[in-house]
Amino acid sequence: MAKKTAYMGMLTALAFVFSYIEFLLPINLGVPGVKLGLANLVVIVALYTINVRWACTLSVVRILLVGLTFGNPASMVYSLAGGMLSLVIMIIAKRGNLFSVTGVSILGGVFHNVGQILVAVFVVETTSLLYYLPVLVLSGTIAGVLIGILSAILIRHLKKAIQADGQNMNRKEE
Amino acid sequence: MVRFAALADLKSMKKNDVILLAALVVAAFAAFAGISWYSHISTREPQAVVFLDGEEQGRYPLSEDITVELCQDDGSYNILQIQGGKAEITQASCPDKICVRHRPVSGQGESLVCLPNKMVVEIENGEESGVDAGTR
């Protein structure tokens, strides 16, 4: 349990730092919302090396931390919408067992953007924001592929490390 | 060695991943093409653009018959009527009523102006005949 807590703490800190890096180095392609989603890397790793419950906790804690430090209530709502929709879709996709880590990551990236656009449409009450959707689906896909491949590498090494540690991390997949 | 391992991870991608990837890319491009086609069609539609005190207040397509009351904070008003593909001012609070006497407009770049009320209605994407048709 203590090791698991330490592992979770490390992942949370890592997700937080990744969010900060993206905050410092935004990708500006003229369309708001285009980003790499480095923090999703950590969420996927948690999803595959611990379990769903801890991945959810990690995601919510990260969003709250980032919202309180670099953001504002509005940006927190957008992050939360994107993060939660993305997480739910990724959990379903992982359980469906149709995709590898990369496929799950692609879906996560795309639905993160979809969730944010939906909230934005709801808040601003203009459907013209949907014009951003194709660009954001494309950027989410590309980011998802990159993050997915990175995740696959990390998960393989981490699983090895966890097993080598001999620690029973109680890695229930459900 | 590390390079080789990364390659193995790349190969861990399932066939479904590639299908998903391709489907999303195609869908994104299709949606983009659809949207740009749609906006190309819709911006070519002739419309009356209303400016009050230099600021755009609204756009009304000439294809729909509509009557709009353009009221301002100081109580002044103009009533814009779009009928049969032409826009005109039917009533106004201004003293000179020049805007009301102006003939209905529909040609590209034609406008209805009410100086006392600082109101301008401009036609966008109208037919190019415009002034020539009037002076022929």
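## A helix pair in chain A

In this predicted model, helices α2(A) and α3(A) are roughly antiparallel to each other, because their axes cross at roughly 160° and angles over 145 degrees count as roughly antiparallel. To find them, look at residues 38-49 of chain A for α2 and residues 52-69 of chain A for α3. Their axes come within 8 Å, and α2(A) passes α3(A) in a right-handed crossing.

Which residues of α2(A) meet α3(A)? On the α2(A) side they are Ala39(A), Val42(A), Val43(A), Ala46(A) and Leu47(A). Facing them from α3(A) are Val52(A), Trp54(A), Ala55(A), Leu58(A), Ser59(A) and Arg62(A). By type, the residues of this contact divide into nine nonpolar, one polar and one charged.

## Where chain A meets chain B

Next comes the contact between the two chains. Chain A puts 18 residues into it, and chain B puts in 17 residues. On the side of chain A that touches chain B, α5 (101-124) and α6 (133-165) of chain A each supply at least two residues.

Which helix of chain A gives the most to this side? That is α6(A), with 10 residues. The residues of chain A on this side divide into 13 nonpolar, four polar and one charged.

## The overall plan of chain B

Chain B holds four helices and seven strands. Following the chain along its sequence, you will read the pattern α-α-β-β-β-β-β-α-β-β-α.

Of its 136 residues, 23% count as buried. If you take the contacts in chain B between residues at least 6 apart in sequence, 29% of them join residues at least 24 apart.

## A three-stranded sheet in chain B

One feature to pick out in chain B is an open sheet of three strands, in the order β3-β4-β5, with antiparallel pairing. Its edge strands are β3 (66-71) and β5 (86-92) of chain B, each of which pairs on one side only. From one strand to the next, the twist averages 25°.

How many bridges join β4(B) to β5(B)? There are six, and β4 of chain B, residues 77-83, runs antiparallel to β5(B).

Key:
Residues numbered from 1 in each chain as written. Chains lettered and ligands numbered in written order. Predicted model: local features only at pLDDT ≥ 70, side-chain atom pairs only at ≥ 80, totals over all residues. Axes fitted to C-alpha atoms, helices over the stretch in contact; angles between N-to-C directions. Parallel < 35°, antiparallel > 145°, perpendicular 65-115°, else oblique. Left-handed = near helix turned anticlockwise from the far one by under 90°. Contact = placed C-beta atoms within 7 Å. Nonpolar A, V, L, I, M, F, W, Y, C, P; charged D, E, K, R; others polar. Pairing = 2+ DSSP bridges. Buried ≥ 20, exposed ≤ 12 C-beta atoms within 10 Å, placed from the backbone.
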